Amino acid sequence: MASPLARWLATLDEGHLAEILRRRPEALAAPAPTDLAELADRLQQRGPVTAALAGLPLPAIQLIEVIQAFGAAAADRRLVGRTVGRPSDDPDLAATLHVLAQRALVWPDGDALRMAGPLWSAFAHPLGLGAPAAQLLDRVPVVELRRIAAALGLRAAVDRGTTAAAVVARLGDADHVTALLAAAPPDTRELLADAA
């Protein structure tokens, strides 16, 4: 089965592929890749991806940090835009995404954005947010995890993994978190505003 990057590369015309290879010539090192799957593998190798990251303009690096903060295999373009204060069809956002796509670092997949594997660990704590909720919940006793789920209006599942996944999804829902914040006591809202 082809990787998401190989599938995206297959949708590009020769001009767009040539554009990527001009910016990422290491992918053509001898022996040359024999197919798009091999090319995609080369474009996702840690060393070259890190080198490409170092040569990006600041807005592109910041966008990678935002996408990484979502912590999933793909990030919803609309939510990424909202996070940076732009509508998903904003020309500046599109230009920055184009810079990243020209290097096969971030590419569209329907309404989602996918990112080269090594970039998912580019920042120890993207946006200064600390460890992802899923990682923190791994350390929480099951009884506490069920209490958190109930407080978020969720029914705890039989197994820990399903409950943790439901809590992470709820905490990743911007509208739900906004509603929680609006209903929080004033001192809690002030504390969260200071942290933000």
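The structure is a predicted model, in which local features need pLDDT of at least 70, side-chain atom pairs count only at pLDDT 80 or more, and totals for chains, interfaces and linings use all residues. Residues are numbered from 1 along each chain as its sequence is written, and side-chain values use heavy atoms, with hydrogens and water left out.

**Aromatic pair**

- A search of the whole structure finds one aromatic pair, where rings of Phe, Tyr and Trp (its six-membered ring) pair if their centres lie within 6.5 Å.
- The ring centres of Trp-8 and Trp-107 are 6.2 Å apart and the planes stand at 25°, so the pair is stacked (planes under 30 degrees apart count as stacked, over 60 as edge-to-face and the rest as tilted).
- Because Trp-8 belongs to helix H1 (residues 4-10) and Trp-107 to strand S2 (residues 106-109), the pair ties together parts that are 99 residues apart in sequence; helices (H or I, at least four residues) and strands (E, at least two) are DSSP runs, numbered from the N terminus.
- Trp-8 is buried at a relative accessible area of 11%, and Trp-107 is buried at 2%, where buried means under 20% relative accessible area, exposed over 50% and partly exposed in between (1.4 Å probe, protein chains only).

**Helices H5 and H7**

- Helix H5 (residues 58-70) packs against helix H7 (residues 91-101) at an angle of about 85°, with the axes 9 Å apart; axes are lines fitted to C-alpha atoms, for helices over the stretch in contact, and angles run from 0 to 180 degrees between N-to-C directions.
- The contact (heavy atoms within 4.5 Å) is made by Pro-59, Ala-60, Leu-63 and Ile-64 of H5 together with Leu-93, Thr-96, Leu-97, Val-99 and Leu-100 of H7.

**The sheet**

- Three strands form an open sheet in the order S1-S3-S2, with antiparallel pairing; two strands pair if DSSP finds at least two bridges between them.
- Strand S1 (74-76) and S2 stand at the edges with a single partner strand each, so one side of each has no neighbour in the sheet.
- From one strand to the next, the twist averages 35°.
- H5 packs on the sheet, where it touches S1, S2 and S3, and its direction makes about 100° with that of S3.

**Ile-67**

- Ile-67 lies in helix H5 and is buried, with 0% relative accessibility.
- Apart from neighbours within four places in sequence, Ile-67 is in contact with Ala-75, Val-80, Val-106, Leu-113, Met-115 and Trp-120.
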